[in-house]
Each structure stands twice: as structure tokens, then as C-alpha cells.
Amino acid sequence: ANDIRGETNGEVVVHKMDLASLRSISECAQQLGNSLTKIDILLNNAGVMTCPDMKTEDGFEMQMGTNHFGHFYLTNLLMPLLKAAPVARIVTISSLAHEGGAIHWDDINFKTTPYDALKAYGQSKLANILFTKELARRGEGSGITAYCLHPGVVATELGRHLGDTYGVIGGCFIKMVTPFLKTPQNGAQTSIFCCVDESIADHSGRYYSDCKEKTPKPQAENMEDAKRLWELSAELTGIQS
């Protein structure tokens, strides 16, 4: 925050929030509601990847809970502030990993299904796109548009759990490939594009990579699944659908 203030001479306010806790998300949303009159851009950027079998404070599988349920809950709580803006954008980070993803409708939180870190991650990234599709459908004519994207494989701390989940091999792998990954600055470009580029203003609900529209896998364009996931997410998080 201090670096941004120094480079932009702008006002930067930091609010602490844990996406693995509905209570923490609610508290942060309330703080924002008390301090802001509108939100022009919401970038759902946080996430975890291939962590060991863990549960959130509310009992969700950690990757689905953080990457999807947390962002779903936050976005819905902030909707009044988004609607207060003349136009607003909601941008959610997905991943190429959605291509192998499937929604485990009968056991979305891996309560009885043997845990598979990659399957759980793929599910959460597929959920990000389905969430965006349904957001776009529900936001038609409201001035709120929604976009999702694959940022590329970026040298951040996202891969920090590979060693925990896959042992020495996983730890060595991430160390070996890190020098060849996108820098955080390069990895942010598609997010920025989706947040501000005027050329996509009428393209709500679409998926982007390398600042270009891309076609996601068929399971990410199933509007019946998008609606079903929204209703399930609303039920599990206590949001009125």
C-alpha cells in the first residue's frame, strides 16, 4: 500500500479480510458499506491452489470455499455499492485449470469423496467462470458487467502448497519452473484489461486470456449449471438468491 501511495500520490485504504471465513467477509463488507458510496470495479483476485485437504471456517473445502464461495458471498454483499455506480465491473480470476474441472454436485466440498487437490482446484476455477456467466445474465440492463480470465502462470506464492501436497517432488518442481513464469506485473495485464478496457463494455460474461477473448471449455458455458451453482452457493452461504 505504501508503494502504491508513493507511485500514484493517491489515497490507498487497506481492509483486512479472510476469504475462508464468511464472518470475516461480512465484517469487511460492512466496513466498506460504511465508508464508500459506490464501487466502480470489483476484482476478485485472491485464491489458493492445490492445498492439502483442509476446510474453511464454515466447513467448505478450502479451494472451493476460498476461490468460489468466498468471492460469491463478497460480491453479493457488495452488490448495493456496485449498483450505486453509474456503471460497474466485476472481474473474477479463473484459470486454464478450468479445462479439466467438473462440479461435484453430490459432494462439492469433498466430505465423502476421496480428496484430490487438482480436482478440487479445477472445480473451483470452473466455478469462477460459471459464476461470471450467471452474474452477466442477472446483470443484464443494470449497468453491471462481469468478466473472467486466465492470467497466465505467474510467479507468485500461489504454488506454495505444492510441497505440502506432493512432497519433495512438488516443492522442487515449483522452484524449477518459477524463473520461467510470468512476472506479477505481466500477469496482471489481463486483469487490468478486463477492469478498464472500453472495447469490452458490451461483452459481459466472457472469458479472456492474454488480453484477448478466448472460448472456455464447454462445461464452462453451460447456463443451466451456472444457474444451479448460483442457487447452491446462495443456499450454502445464506445469500437470498
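**Notebook: salt bridges**

I began with R23, E27 and E57, which are linked in a network of salt bridges (a side-chain nitrogen of Lys or Arg within 4 Å of a carboxyl oxygen of Asp or Glu). The model is predicted, so to keep in mind: local features need pLDDT of at least 70, side-chain atom pairs count only at pLDDT 80 or more, and totals for chains, interfaces and linings use all residues. Residues are numbered from 1 along each chain as its sequence is written, and side-chain values use heavy atoms, with hydrogens and water left out.

How many salt bridges does this rule give? I get nine.

**Within helix 2.** I looked up R23 and E27, whose side chains meet at 3.6 Å, N to O. Both lie in helix 2 (residues 22-35), four residues apart, about one turn of the helix; helices (H or I, at least four residues) and strands (E, at least two) are DSSP runs, numbered from the N terminus. R23 has 46% relative accessibility and E27 has 40%, and I note each as partly exposed (buried is under 20% relative accessible area, exposed over 50%, partly exposed in between; 1.4 Å probe, protein chains only).

**Across the sequence.** Next I checked E221 and K133, a salt bridge at 3.7 Å, N to O. E221 sits in the loop between strand 5 (212-214) and helix 9 (223-237) and K133 in helix 5 (residues 117-138), so the pair ties together parts 88 residues apart in sequence. E221 is partly exposed at 40%, while K133 is buried at 14%.

**Within helix 5.** Lastly I looked at E134 and R137, which pair at 2.6 Å, N to O. They are three residues apart in helix 5, about one turn. Is E134 buried or exposed? E134 is buried, at 0%, and R137 is partly exposed, at 38%.
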